[in-house]
Amino acid sequence: MEELSLIKQALRAVMNGQPLALRDPHRPTWHLAPSVGLLNDPNGFIQHNGVYHLFYQWNPLGCDHRNKCWGHWQSIDLVHWEHQPLALAPGACYDSHGCYSGSAVVAEDKVTLIYTGNVKFPDGSRTAYQCLAQASDRGEYRKLGPVLPLPEGYSGHVRDPKVWRHQDAWYMVLGARDLQDRGKVLLLRSSNLRDWQALGEIAGSGLNDLGEFGYMWECPDLFSLDGGDVLICCPQGLAPQPERYLNRYQAGYLLGKLDYRQAAFSHGEFHELDAGFEFYAPQTTLAEDGRRLLFAWMGVPEQDEEAHPTRRYGWIHTMTCPRELSLRHGRLHQRPAHELQQLRGEREDWRGRADDAPTYALGAAELQLTPQGAFSAAFGDAMTLNWDGERLQLTRVSLADGRPEHRYWRGPVTHLQLLFDRSSVEIFINHGEAVMSARYFPAGEPQLRLNGSAPLALEYWPLTPCMLE
Ligand code: FRU
């Protein structure tokens, strides 16, 4: 579709579709969700002059993966967000089939976007260009065109540039599928964001002792944190294993050391970033106060997307809550950004045997649990969390086939922080040692019901709605 035509259709879709979307009882009250249509990856997450920008993959015209634009929200506190003009819409010869994922940097004191222009051909093949766009004084984004064609030796699947500044140069990591169907991460360098020099593959299937590790790696992100270098990546094609790699595609990280001169990244094993049902394409930014913050898509490509009930209301998917990262004992930890605490209403405390606990309304709420033994918790009729002393098990009824499905985390559980928002829950285990993120679609307002003979302590806060829409 021509760019201007898509923008006109998008405006109509929002104006006509928003009332229905807002009537959806599963619509989040404090998470970011598309006004209408489909949201996937967070893009271009950055803070500039005190203002957070979060862009996102958005199909305004439907709940399928087409017409990918960059929507744009802005916030000063990570919690209250405002819509901004649509940042990018496809239609140029170098991005005709989608302005795909990418990142933002500040160059010439302007927010500058680096994204993938996706181009499909009638024979089913495709190519990709890495492209630039820059903010005007009015906060609109002007496309500056491609700066990097498809590198030699790769399929048309090369995308999702994440760019950062290191010493006196710009660096980029790119996700790729090579001609032997191996997923890779490429490292490139530039002095001016326009001329890019390929430095080589720094991680991927068949590299650095990983063995076979998927046919495509999407959405890489590389940064230093607490003395280590972290490479986030989303490999596609990993076989499920008992209790891990259970989602359609994985999102995880490799911890190691990047040698910028040799373009070599030595790293340890791959760890999943989230043990829940929905989590993909995370992107981080370095906040002006030094925190490494993360948003992710609370969805997974091709994972029962057809069955989400929100489609009937003309929208699908949400972002996770903003999270702060840290490295502790060689593992990445995630905690909800402290700014979210401003959503808390009046706190209620309770202590006793789980069986005797009162019920609590979970529509939009925060719950902290300190268990002293096994217990189980039901979140309305749609999800349960069970702790048997060794394993935490999250269970829901599959949207696709109605059968129970499970996700797991193993280890001693000393503390749980759960954030609910109508159709999602994010469970932070032991102050961020692991997280389980999931969508669920309860009938009516879900109530918390606890079971178990062991004592536990509980803190509960209702959360105040804060979305602009
Ligand atoms: C990940 C992804 C990216 C791509 C984008 C397209 O979910 O497939 O690799 O850039 O979504 O929307």
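The second largest cavity is lined by Trp30, His31, Leu32, Leu78, Val79, Trp81, Phe295, Thr320, Cys321, Pro322 and Leu340. A cavity here is a set of points, on a 1 Å grid over the protein atoms alone, where a 1.4 Å probe fits but cannot get out; lining residues have an atom within 4 Å of a point. This one holds about 60 Å³, a volume being the space filled by probe spheres set on points joined across faces, edges and corners. Its lining has nine nonpolar, two polar and no charged residues. For the classes, Ala, Val, Leu, Ile, Met, Phe, Trp, Tyr, Cys and Pro count as nonpolar, Asp, Glu, Lys and Arg as charged, and the others, Gly among them, as polar.

A word on the model. It is predicted, with local features needing pLDDT of at least 70 and side-chain atom pairs pLDDT 80 or more, while totals for chains, interfaces and linings use all residues. Residues are numbered from 1 along each chain as its sequence is written, and side-chain values use heavy atoms, leaving out hydrogens and water.

There are three cavities of 30 Å³ or more. Of its 14 lining residues, Gly102, Asp160, Cys219, Pro220 and Gln283 lie nearest the centre. Its lining divides into six nonpolar, four polar and four charged residues.

Now the ligand. Which residues surround the ligand? They are Asn40, Asp41, Gln57, Lys68, Tyr100, Ser101, Arg159, Asp160, Glu218, Tyr280, Trp297 and Pro301, each with a heavy atom within 4 Å of it. By class, that shell has four nonpolar, three polar and five charged residues. Three side chains make polar contacts, meaning pairs of N or O atoms within 3.5 Å. A polar side-chain atom of Gln57 lies 2.7 Å from a ligand oxygen, one of Asp41 lies 2.8 Å from a ligand oxygen, and one of Glu218 lies 2.9 Å from a ligand oxygen. Alone, the ligand exposes 320 Å², and the protein buries 92% of that; the areas are Shrake-Rupley values with a 1.4 Å probe.

Last, the largest pocket, an open set of grid points with protein on both sides within 12 Å along at least five of seven lines. Its volume is about 620 Å³. It has 26 lining residues, and Glu272, Ala275, Arg331, Trp409 and Ala434 are the closest to its centre. The lining comprises 11 nonpolar, six polar and nine charged residues.

Definitions and conventions:
A polar contact is a pair of N or O atoms within 3.5 Å; within protein, one must be able to donate a hydrogen and the other to accept it, and residues adjacent in sequence count only if both atoms are side-chain atoms.
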